[in-house]
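Welcome! Have a look at the structure first.

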Amino acid sequence: MAHPSGHIVACLDCDLLQRVSELPDGAAARCRRCGHTIALDRPEYLENTLALTIAAVIALVVANVSPLLELSVSGRQTSTTILGGAQEMWLRGDPLTAALVAFCTVFAPAIHIGIMLTILLASRQTPIPSWVGRLLHWSEWHQSWAMVEVMILGILVALIKIAEMATVLPGIGMFAAGVLVLLLTAITITFDPRDIWQRIEWVNHSLPPLEQNRPPALLKADSSSQQKDLFSAMSIGLVSCESCGLLSRPADVDNPGQCPRCGRRLAMRKHHAIQRTWALIIAALICYIPANLLPVMASTTMISSENDTIISGVVLLYKTGSWHLALIVLIASVVIPLAKIMALAFLLITIQRRSVKEQRERLQLYRLINFVGRWSMLDVFVVTFTVALIQLQPLMAVQPGTGVLFFASVVVLTLFAAESFDPRLIWDSRNEKGGLRD
């Protein structure tokens, strides 16, 4: 494999080749075709991010050992923690949903924070050890599954539902979880993985090239060169690593081998992206029907019992005057999952029809899908913490319904579908070699 260029990058969202130079302090450069950020300069970000990460460790511990909520009714009291909610779902006969809740609210955030702390400490070395590259990849994946902010909104919705039956007070864990959300957001904003990749030791134990030690910036192109410079990396036989972004010229286009910097297997496009995404959204659509028809909760009191579906929960919130929360639940739990399925199907159809129309708009649609997809977990958290709190036999009790498992399956399947989709396929023209090849 030839030595990769130090001054040319390919956008990871549209594969456009762009020449780069130095970037002023605090500035950012975006792809001129799709707007994706391709270069940053965040001076002294390591110290700031390290301080935020240490604070996040403390907030995570407090959020998990302290009660989230305390419920009181007729002289009886109960409380729950984050893991306590998942544990109650497990005990009530829904272990799969319980495991998903525990992973998204405890394990994924903890692993992400732990990996970030390790990366930041290792980044003080020169060069940065090559094993940090594997941690960067895993940190990004766990970050996408850490849903503490969705959990908090789900708890607030659960509070509204429970308020008519009992007195509910937020605990210390609730406030710590709120602080944790703010810290995780600040870590994401201040951290610059591109700088780490530029200073990391390559997998063959060679030192990073000197020209990659400074953050790059996008060079301005004059209007006469705008059209003739619009080449994708694949069109001239180059490939970008999906993990570290390194642009390389492989010896064999059909079998690019491994990235010389991080060691990850290279591919011109994600293998079987179209087929895999179709399979996932079809499975999600099948699960979507029982998720909305079957009850997600079963409430029992001394005088009555009632089954609640997602729609009936929305109606209840509206009748109690919480129309704003009813609208949030309706959008997050009903509209967004179906909209994601339809949007991904639309993107796949336009790609297979080799459409070259509105490519930028289609990429923006895909970015929107990625942004809002995690919020579909809202109703899963509502059910989890309602079940965890209302276990006051024989006065009242709530059990998870079959519908919550199907709904959780819809969320997971659509998240995987969005992850398996390759946005670069939107920009591939008919004449590019392998343009629609998986």
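**Exercise 1.** Find the backbone atom of R194 that lies 3.2 Å from a polar atom of the side chain of D192, then describe the surroundings of D192.

*Solution.* 
- Step 1: The atom is the backbone nitrogen of R194. A polar contact is a pair of N or O atoms within 3.5 Å; within protein, one must be able to donate a hydrogen and the other to accept it, and residues adjacent in sequence count only if both atoms are side-chain atoms.
- Step 2: D192 sits in the loop between α6 (172-190) and α7 (193-199). Helices (H or I, at least four residues) and strands (E, at least two) are DSSP runs, numbered from the N terminus.
- Step 3: D192 is buried but has no salt bridge. Buried means under 20% relative accessible area, exposed means over 50%, and partly exposed lies in between (1.4 Å probe, protein chains only). A salt bridge is a side-chain nitrogen of Lys or Arg within 4 Å of a carboxyl oxygen of Asp or Glu.
- Step 4: For D192, the nearest side chain of opposite charge is that of R194, 4.0 Å away. Lys and Arg count as positive and Asp and Glu as negative, while His and the chain ends are not counted.

A word on the model: it is predicted, so local features need pLDDT of at least 70 and side-chain atom pairs count only at pLDDT 80 or more, while totals for chains, interfaces and linings use all residues. Residues are numbered from 1 along each chain as its sequence is written, and side-chain values use heavy atoms, with hydrogens and water left out.

**Exercise 2.** How many helices and strands are there in the protein, and what share of its residues count as buried?

*Solution.* 
- Step 1: The protein has 13 helices and 14 strands.
- Step 2: Of its 438 residues, 52% count as buried.
- Step 3: Now take contacts between residues at least 6 apart in sequence: 72% of them join residues at least 24 apart. Contact means heavy atoms within 4.5 Å.

**Exercise 3.** In which order do the 3 strands of the open sheet stand?

*Solution.* 
- Step 1: The order is β6-β5-β7, with antiparallel pairing. Two strands pair if DSSP finds at least two bridges between them.
- Step 2: β6 (76-80) and β7 (167-170) are at the edges with a single partner strand each, so one side of each has no neighbour in the sheet.
- Step 3: From one strand to the next, the twist averages 20°. Axes are lines fitted to C-alpha atoms, for helices over the stretch in contact, and angles run from 0 to 180 degrees between N-to-C directions.
- Step 4: Strand β5 (residues 69-73) is joined to β7 by 4 bridges, and L69 stands opposite P170 in β7.
- Step 5: Helix α12 lies across β5 and β6, and runs at about 140° to β6.

**Exercise 4.** Is T386 buried or exposed, and which residues does it touch?

*Solution.* 
- Step 1: T386 belongs to helix α12 (residues 378-389).
- Step 2: Its relative accessible area is 4%, so T386 is buried.
- Step 3: A polar atom of the T386 side chain lies 2.6 Å from the backbone oxygen of V382.
- Step 4: Leaving aside residues up to four places away in sequence, T386 touches A158, I162, M297 and V398.

**Exercise 5.** Which helix holds I310, and how far is its C-alpha atom from that of P295?

*Solution.* 
- Step 1: I310 lies in helix α9 (residues 310-319).
- Step 2: The two C-alpha atoms are 7.4 Å apart, although I310 and P295 are separated by 15 residues along the chain.
- Step 3: I310 has a relative accessible area of 1%, so it is buried.

**Exercise 6.** How many salt bridges does a search of the whole structure find?

*Solution.* 
- Step 1: The search finds 8.
- Step 2: One joins the side chains of E242 and R424 (3.3 Å, N to O). These two residues are 182 residues apart.
- Step 3: E242 is partly exposed, with a relative accessible area of 30%, whereas R424 is buried at 2%.
- Step 4: D422 and R424 also meet in a salt bridge (3.0 Å, N to O).
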